[in-house]
Amino acid sequence: MPSALKALLLLAVSPLLASQVPGSSSAAHRCFCQVTGHIDDCTCDVETIDAFNNQKLFPKLQKLLQSDYFRFYKVNLNKPCPFWTDQSHCGLRDCAVKPCEPDDVPEGIRADGLRHSEAPGTDLQECDEAEKLGAVDSSLSEDTRRAILEWSRHDDEEERFCVADDEESPDSQHVDLLLNPERFTGYKGPEAWKIWNSIYEENCFKPYTVKRPLNPMVSYTSKWTKTFSDQKAFYRWLEGLCVEKRAFYRLVSGLHTSINVHLSARYLLADNWYEKKWGRNVSEFQQRFDANLTEGEGPKRLRNLYFLYLIELRALAKVLPFFEQPAFQLYTGQPEYDKDVKSALLEVLRLARSFPLHFDETSLFAGDKSEAAELKEDFKKTFRNISRIMDCVGCFKCRLWGKLQTQGLGTALKIMFSERQIEALPKSTGSKPGFQLTRQEIVALFNAFGRISTSVRELENFRSMLQEVP
């Protein structure tokens, strides 16, 4: 091709490239060029979140998560994948999870006999009440009694956004989250892509005709032209969605982004006979979020992380009355220690409530009542499906943290849409509350938000490190 013609073609294409792939000599700018200002569908901005999280909330939350109540999570990592049979498990040593021995778990958590929202003597009271009830209702058949119990369990399940059958499974084991941290395990490639592809393509209200940008499961014959075309069509579709479905996509993207930040921040930098060193991998972070290396997608994904942060922060603020109940306790079997942990928990929640620019959830499901109810049910069913996909993850450590974080987000959504039940919580200890959280939901809620809070904090670290990268 003549050099003059090449020059003309470059001149014609350059403005288009520049509009899609922001150029800058600064690596920090390429990753964070759009991570500033107001967040879509919110009144809050990135800078307010950074200051609040990094200077106020993050240190207190991390200290709370190191306590016995929050470090032990009960999970079944051996459930078969419900969606496909060609599942293989990761053989890498860093994918393994070490469950707790029974004696490692505090007695109160191990027993699981006392509910966190009851005083230690309440079980006896319940037994007495049950005996009285049995005497009064002696005419009820065994089948009817069993049906009543099933109705009660069904009512609780109806409020959940996640499949939570791990709590009662005989195959579930307690895992110490501090000894099994989320970090890069080497699990990647087609098997990992299959998980996220199933989530994005089948569980984000997206028609198959709309192509997701940079989908690794799709091969392009003319990569740049096809990617540019897909991006335009995809964002036209996304902005045309109702606010609820758009929020759903941003939550999923934010969760995916948060996980990618963790993997970049706790990367295996050295592995030899005398040391195993984990730390921040700037190159890995750039591969995932640099605008030039992601066709402009990376910074958009980072913005979705902040949207997810606002949703879960709002849930913590709204659930404060539940934890303020006098009868509520974080029971591990160590009375004085448990009392101190509850005080620390309430301090974190009151700090969350003090945030000045909370997400306004009244904008969601606010239209026609019947349509809003149907949409909300679709929202629940779709998110429950995502929680089931976590049982298809081949890496056990990735599965552990994937299940925990989806359950944490599901619990946050349950709280967001249970405002009336939370407001109606009884003031006395004698009444049965209409809103409940299991211990597993509580542990998942706070640890999931702890992961997001850590991601926001890590962005500050990566931003500083990238200032030194050309």
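How do the residues of the lining of the second largest pocket divide into nonpolar, polar and charged? In this predicted model, they divide into 24 nonpolar, 14 polar and ten charged.

**View 1. The second largest pocket and its lining.** The second largest pocket, with a volume of about 1300 Å³, is lined by 48 residues, of which W193, P216, H256, N260 and R288 lie nearest its centre. Two or more lining residues are given by each of helix 8 (190–202), helix 10 (243–265), helix 11 (282–289), helix 12 (297–318) and helix 16 (396–416). Helix 10 provides the largest share of this lining, namely eight residues.

**View 2. The crossing of helix 11 and helix 18.** The axes of helix 11 and helix 18 (residues 439–466) come within 11 Å and cross at roughly 105°, which makes helix 11 roughly perpendicular to helix 18. In this contact, V282, F285 and Q286 of helix 11 meet L459, F462, M465 and L466 of helix 18, and the residues involved divide into six nonpolar, one polar and no charged.

**View 3. D41, a residue other than glycine with positive phi.** D41 lies in the loop between helix 2 (27–32) and helix 3 (46–65), and its phi is near 65°. Because its relative accessibility is 34%, D41 counts as partly exposed.

**View 4. F205, a residue other than glycine with positive phi.** The phi of F205 is near 60°, and the residue is placed in the loop between helix 8 and helix 9 (223–239). With a relative accessible area of 22%, F205 is partly exposed, since buried would require a value under 20%.

Notes
Residues numbered from 1 in each chain as written. Predicted model: local features only at pLDDT ≥ 70, side-chain atom pairs only at ≥ 80, totals over all residues. Heavy atoms only, no water. 1 Å grid on protein atoms, 1.4 Å probe; cavity = no way out; pocket = protein on both sides within 12 Å on 5 of 7 lines; lining within 4 Å. Points joined across faces, edges and corners; volume = space filled by probe spheres on them. Helix = DSSP H or I, 4+ residues; strand = E, 2+ residues; numbered from the N terminus. Nonpolar A, V, L, I, M, F, W, Y, C, P; charged D, E, K, R; others polar. Axes fitted to C-alpha atoms, helices over the stretch in contact; angles between N-to-C directions. Parallel < 35°, antiparallel > 145°, perpendicular 65-115°, else oblique. Contact = heavy atoms within 4.5 Å. Buried < 20%, exposed > 50% of the residue type's maximum accessible area, 1.4 Å probe, protein only.
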